[in-house]
Amino acid sequence: METHLLEWFNTLGVYAIVLSILLNIIISVLGVMPSVAITAVNITFFGFEKGVTVSIAGEALGAIVSFILYRKGIKTFFKKKEIHSKLLARLQKSKGAEAFCLILALRIFPFIPSGFVTLAAAISKAGVLNYSVASTIGKIPALVIEAYSIQQVLVWNWKGKFILSVFLLFIIWLVLSRKKSAKE
């Protein structure tokens, strides 16, 4: 997928920024797909600093568009659903400075999927501006770390990539074996 995106970016030249941002918006609205591939392509095509900047812009705009769409279309459906995460449930009931701080904290915390944060914020009392600023600021540290990690993997030789692949396969095996033993 990254190869195809790079080809598109090369074809589009300067307009690749627009494509990158549009793809980030689509991924954010879908809420379940990671944007790491787009971040990798951005870094490869634009360079580290500009690639991170384009990724931040795309993810920030994606989060804002998702927030607005979720608030308009899904808010009534999810009023009936119970949120099990204490932080997300707290965010759902918050407003003002508390909502701002919670959104900021949840964006920085890497283990909570972005779509869940956006959904909880959309059904909260947080305003669009409050959400937009907190969400964007919160995404910056996570995206810089993600981009730096991607950049380091991209410059590895085949030995480093092999070691990383074996490690990731081990982690996947470990997670799947724990799920299997939990079911038994």
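**View 1. Helices α3 and α4 cross.** The axes of helix α3 (residues 36-46) and helix α4 (residues 48-73) come within 7 Å and cross at roughly 145°. This is a predicted model, in which local features need pLDDT of at least 70 and side-chain atom pairs count only at pLDDT 80 or more, while totals for chains, interfaces and linings use all residues. Residues are numbered from 1 along each chain as its sequence is written, and side-chain values use heavy atoms, with hydrogens and water left out. Two packed helices are described by the angle between their axes and the distance between the axes. Axes are lines fitted to C-alpha atoms, for helices over the stretch in contact; angles run from 0 to 180 degrees between N-to-C directions. The crossing of α3 and α4 is right-handed. A crossing is right-handed if the near helix is turned clockwise from the far one by less than a right angle, and left-handed if anticlockwise. From α3, the contact is made by T39, N42, I43 and F46. From α4, F48, K50, G51, V54, S55 and E59 take part. Contact means heavy atoms within 4.5 Å.

**View 2. Helix α3 is mostly covered.** In α3, 8 of 11 residues are buried. Buried means under 20% relative accessible area, exposed means over 50%, and partly exposed lies in between (1.4 Å probe, protein chains only). The buried residues of α3 are A37, I38, T39, A40, V41, N42, I43 and F46. Their cover includes α1, α2, α4 and α9. Just after α3, G47 takes a positive phi of about 95°.

**View 3. S55 is buried in helix α4.** S55 is found in α4. Its relative accessible area is 1%, so S55 counts as buried. Leave aside neighbours within four places in sequence, and S55 is in contact with N24, T39, N42 and L143.

**View 4. K139 and E59 form a salt bridge.** The side chains of K139 and E59 meet at 3.2 Å, N to O. A salt bridge is a side-chain nitrogen of Lys or Arg within 4 Å of a carboxyl oxygen of Asp or Glu. The count by this rule is 1 salt bridge. K139 lies in helix α9 (residues 128-155) and E59 in helix α4, so the pair ties together parts that are 80 residues apart in sequence. K139 is buried, at 7% relative accessibility. E59 is buried too, at 10%. Beyond neighbours within four places in sequence, K139 is in contact with E59, A60, A63, R107 and S114.

View 5. W8, L12, V14, Y15, V18 and L22 make a nonpolar surface patch of about 660 Å². The elements giving two or more residues to this patch are α1 (2-12) and α2 (16-30). Patches are made of residues with over 30% relative accessible area and no salt bridge; like charges are joined within 9 Å, nonpolar side chains (Val, Leu, Ile, Met, Phe, Trp, Tyr) within 5 Å. L12 belongs to helix α1. With a relative accessible area of 36%, L12 is partly exposed.

View 6. Helices (H or I, at least four residues) and strands (E, at least two) are DSSP runs, numbered from the N terminus. Of the 184 residues, 34% count as buried. Among contacts between residues at least 6 apart in sequence, 74% join residues at least 24 apart. The accessible surface of the chain comes to about 11500 Å², and 71% of that belongs to carbon and sulfur atoms. Accessible areas come from the Shrake-Rupley method with a 1.4 Å probe; for residues, only the protein chains shown count as cover.
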